[in-house]
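Please look at the sequence and structure first.

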Amino acid sequence: MMSSSRRTFVQSAAALGLLGATGMRAFAAGPIKPGNKAALIVVDVQNCFVSGGTLPVKGGEDVVPVINKLATAFQNIVVTQDWHTPGHASFASTYQGKKPFETTKLSYGTQVLWPDHCVQGTDDAALHKDLKLPTAQIIIRKGFHKEMDSYSAFDEADHKTATGLAGYLKARGIKTVFVTGLATDFCVAWTAMDARKAGFDTYVIEDATRAIDLNGSLAAAWKQMAAKGVKRIQSADIA
Ligand SMILES: [Zn+2]
């Protein structure tokens, strides 16, 4: 018979949607051990998104030591890199009279317009120099089609053009992905939701991400991710 406090926890955890496909396991049976069928995805930890970059995410550089520590627990690591052409469709400067953080309509829908950032081959687009990811095998570059953005590491912004990451992971026998990096409410969230769409068991490790939070985008992203079955954990949950 469950104690009443335990029952209350289970009921409230269920009400909050905390009990996913793995049920109580992640909470009651201790830390999660990634194993050889899991991959860590490190999204866009680049100079452009940290202090001193062209599109700095508040506290962006703070994810580096957290991700480095997590990396020691993973046999498979995928890195992504935002990699834009000059004059890219996601840059406000490409359009007359548009300012950063406004939006425009493109063929695939509404596009947030950003300051020029992560231009191919610049130091701004380089991965953060302190990242230590010994088992990282592949870098997915995205956003290099001039007319289309790509927040997600799986599908570009038209939700049709594949980067090939899903096929790569499946060919390697990966079943579960753990998403980290920048920024929580854009490239991390879109990557996590597309990972679910591609059939992966998907976690976002919250303290290994930082957000832009543009007009409530962070709360909206967590809600959308939860609705798609993305699980939200902390780095301390990983063994
Ligand atoms: Zn970008």
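The text below covers the cysteines and then the zinc site.

The model is predicted: local features need pLDDT of at least 70, side-chain atom pairs count only at pLDDT 80 or more, and totals for chains, interfaces and linings use all residues. Residues are numbered from 1 along each chain as its sequence is written, and side-chain values use heavy atoms, with hydrogens and water left out.

**Cysteines**

Searching the whole structure gives 1 disulfide, a term that stands for a pair of cysteine sulfur atoms within 2.5 Å. Its partners are Cys 48 and Cys 118, with an S to S distance of 1.9 Å. The disulfide is right-handed because the torsion about the S-S bond is about 85°. Cys 48 sits in the loop between β1 (38–43) and α3 (63–71) and Cys 118 in the loop between β4 (109–112) and β5 (136–142), so the bond ties together parts 70 residues apart in sequence. Helices (H or I, at least four residues) and strands (E, at least two) are DSSP runs, numbered from the N terminus.

The sulfur of Cys 187 is 8.7 Å from the closest cysteine sulfur, in Cys 118, which is too far for a bond.

**Zinc site**

The zinc ion has protein donors Asp 82 (OD), His 84 (NE2) and His 117 (NE2), 2.0 to 2.1 Å away. Donors are N, O and S atoms within 2.8 Å of the metal (3.2 Å for Na, K and Ca); water is not among the atoms, so sites may look incomplete. Along the chain the donor spacing reads D-x1-H-x32-H. Asp 82 belongs to strand β2 (residues 77–82) and His 117 to the loop between β4 and β5, 35 residues apart.

**Burial**

Buried means under 20% relative accessible area, exposed over 50%, and partly exposed in between (1.4 Å probe, protein chains only).

| Residues | Burial |
|---|---|
| Cys 48, Cys 118 | buried |
| Cys 187 | buried, 7% relative accessibility |
| Asp 82, His 117 | buried |
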